[in-house]
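Hello! Here are some notes to read beside the model, taken point by point. Please keep the 3D view open as you go.

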Amino acid sequence: MKEYTENVSLPIVNKTELEELVNQKIKVVAMGFSRRHPRYPDMLKAYHDLARHFSTEAVFVIYDHHPAKNEAERLGMRIPIVFYYEDGELKTAYPYLDNEVGFTKLLELIFHPENSQIALNVSELYKLLGDLNYAILAPTPELFENGIKLHHNISSGLAEIDVIRVAPNVLTELGLDSELPALFRKEDSCIVSFKSLHDDFVDDIYSFYNASKPVYKIYQGGDFVNEEFQMFMFTSPVLTDEMKDFLYEIAPRFPEYNFGWLKPEFLQLGEPVLGDNFQNRTDMHFCNFARRWFVNLEDVFTWEFIKLPFNKKEWTHVTERAIKVIKSGRKKNFVSEPVPKPVKGSLIKKIVGSTYKNFIMDPEHDVLMYYVIGKCEQCQKFKPALINFVKEFNATGKTFLKFGWINVEKNSAEEKFPYIYGYPHFELFPAKNKSAHEQLRGPRSRDHLVRFLQNRCKEPFPLTAPPPDKTQTAMQLVTTLMNIPPRMPEDEMAKMMAYLAETAESIGIDVSSVPGMEQYANKLPSAVQEAHEEAKINLAEEAEQLHKEANEKIKITEDMSPNNDSSSSNESNNDQLNENKDHAEL
């Protein structure tokens with residue numbers, strides 16, 4: 001085991017060493033993080049303090065960066081992350097909590113749930129709630145045990161889940177069912193009942209998730225990447241009780257929208273949406289971060305109005321008016337660079353957000369779009385090859401294919417960009433069916449572009465390319481598998497699997513034999529899965545026949561061998577027997 005060079009003596013373990021520890025069936029806590037994280041030194045010190053505090057409860061180690069990152073991605077998570085193992089298996093995993101008190105409470109809960117305090121009245125309950133985002137309130141021992149089980153199964157997604165014993169009368173005082181568990185949500189300061197102890201534990205998880213949805217949100221990380229949210233984003237230096245009441249009352253009346261408060265530390269996120277930071281003042285914005293659009297409501301939430309002292313009744317009235325304006329069809333403003341002036345002799349047209357839709361939807365042309373981001377070395381590296389490719393195509397005199405490029409960091413558009421998981425990205429929009437657009441998968445090269453465009457354009461593609469090299473293509477399949485994002489959408493995953501199967505078939509190999517494919521076997525096209533299963537059956541039958549033939553040869557050889565055979569004859573017979581056995585095993 002390695003040791004950190006910093007003044008922190010915790011062992012660093014690789015995957016094999018961690019498995020050896022876990023197989024001893026002892027309690028193991030393993031943290032994986034990156035030295036490049038801005039708070040790395042603080043996290044390392046805090047983790048060391050926790051390890052020292054709980055040293056008698058479990059073995060604390062640091063999980064080497066790369067295997068920790070791979071395991072986190074397998075769980076649909078990211079580093080920094082903390083894994084907890086017990087009885088030889090992974091019990092739960094937590095995203096790193098930037099809250100030492102909260103983390104200490106979680107570790108107390110998993111090490112000694114039997115020591116959990118019980119709240120005998122509402123006042124004691126509020127003292128126990130603490131700083132964690134959620135707390136399951138359990139009025140019976142059975143529900144407390146089930147709450148611990150929920151904690152283990154859901155913590156990877158929600159992280160901060162406490163489980164608190166409460167007397168049944170506490171829930172009665174809160175106006176809740178004393179026979180059901182309840183859930184405290186810190187986000188909107190609500191406590192709600194939820195059903196538990198279903199025949200199927202999965203139903204308990206669904207019930208918890210439904211109860212965890214707040215009436216209004218305190219916006220954080222996951223909300224900024226949700227492309228479906230139509231967000232009424234309330235800003236204010238502080239969120240007063242009157243403001244909370246306003247959000248709590250307005251949000252349920254308009255469930256088609258998402259209401260919440262944007263903390264002051266996130267105000268800079270307005271820049272990619274509005275082109276400028278949100279101001280640290282009481283105001284309201286209607287926007288979506290992931291799609292990068294906003295609706296201008298400055299004529300509704302006027303400066304004269306927002307500078308007045310907050311009044312719940314007046315803010316409710318003005319917000320109702322804003323919703324009427326939105327429903328009447330007020331335009332969404334998408335982020336866009338200025339429309340560039342035409343450049344004579346330009347081979348690849350620069351596209352911006354405001355011109356994107358019209359360009360790709362041209363019904364007379366196939367359109368090949370090139371998507372880039374600012375600091376992309378691969379984009380710059382491939383640019384000369386792309387220019388030469390366009391020159392080569394134009395030299396044929398054909399005009400059915402147009403070329404465009406766009407910087408996705410500086411632009412968004414009403415027509416949603418295709419799914420992109422790496423740059424540079426190519427997408428073909430065929431003239432005959434724009435909705436059947438398709439991305440270039442695999443290597444970025446002239447020949448691969450040619451093979452991609454053949455049989456996909458409205459006219460025969462005039463350029464040719466040699467067949468792909470079998471060895472290089474097999475290696476590219478492995479690389480593609482290694483780089484599949486952990487949360488790729490199902491429809492994109494289906495397309496990826498179809499591409500891998502077709503590519504493997506084109507070079508004469510079984511796609512299921514590609515290293516790394518075993519974890520995606522159930523996602524392959526059904527025809528490929530059926531062929532693979534049939535091949536497995538055929539191989540099993542062939543192996544059985546080989547074993548049978550080998551056993552018959554062994555029996556015949558034994559019957560024909562006299563007791564006084566010479567040693568050389570015995571060696572020859574033994575060699576034959578071994579060869580028969582090896583053949584059968586193969």
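1. Let us begin with a term: two strands pair if DSSP finds at least two bridges between them. Helices (H or I, at least four residues) and strands (E, at least two) are DSSP runs, numbered from the N terminus. This is a predicted model, in which local features need pLDDT of at least 70, side-chain atom pairs count only at pLDDT 80 or more, and totals for chains, interfaces and linings use all residues. Residues are numbered from 1 along each chain as its sequence is written, and side-chain values use heavy atoms, with hydrogens and water left out.

2. Which order do the strands of the six-stranded open sheet follow? The order is β12-β14-β13-β15-β16-β17, and the pairing is mixed. At the edges stand β12 (217-218) and β17 (333-334); each has a single partner strand, so one side of each is left without a neighbour in the sheet. Inside this sheet, β13 (residues 231-235) and β14 (residues 258-262) run parallel and are joined by five bridges. Look for T235, which stands opposite L262 in β14.

3. Helix α9 (residues 241-250) packs on that sheet and touches β13, β14 and β15. Here contact means heavy atoms within 4.5 Å. The direction of α9 makes about 165 degrees with that of β14. For such values, axes are lines fitted to C-alpha atoms, for helices over the stretch in contact, and angles run from 0 to 180 degrees between N-to-C directions.

4. Now find the open sheet of five strands, ordered β7-β9-β8-β10-β11 with mixed pairing. Its edges are β7 (118-119) and β11 (190-193), each with a single partner strand, so one side of each lacks a neighbour in the sheet. Strands β8 (residues 134-138) and β10 (residues 182-185) run antiparallel, with four bridges joining them. A135 has F184 as its bridge partner in β10. Across β8, β9 (161-166), β10 and β11 lies helix α8 (residues 201-212), running at about 40 degrees to β10.

5. Next, a pair of helices: α16 (residues 470-482) and α17 (residues 490-506) pack at an angle of about 165 degrees, their axes 10 Å apart. That makes α16 roughly antiparallel to α17 (angles under 35 degrees count as roughly parallel, over 145 as roughly antiparallel, 65 to 115 as roughly perpendicular and the rest as oblique). Which residues meet here? T473, L477, T480 and L481 in α16 meet M496, L500, T503 and A504 in α17. By class, this contact of α16 with α17 has five nonpolar, three polar and no charged residues (Ala, Val, Leu, Ile, Met, Phe, Trp, Tyr, Cys and Pro count as nonpolar, Asp, Glu, Lys and Arg as charged, and the others, Gly among them, as polar).

6. Two loops with cis peptide bonds deserve a visit. The bond from I79 to P80 is cis, with omega near 5 degrees, and P80 lies in the loop between α3 (65-74) and β5 (81-86). The bond from Y423 to P424 is cis too, with omega near 0 degrees; P424 is in the loop between β20 (401-407) and β21 (425-429).

7. Finally, check S189, a residue other than glycine with a positive phi near 55 degrees, placed in the loop between β10 and β11. R292 is not a glycine either, yet has a positive phi of about 60 degrees; its loop runs between β15 (283-288) and β16 (293-295). Buried means under 20% relative accessible area, exposed over 50%, and partly exposed in between (1.4 Å probe, protein chains only). S189, at 48% relative accessibility, therefore counts as partly exposed, while R292, at 12%, counts as buried.
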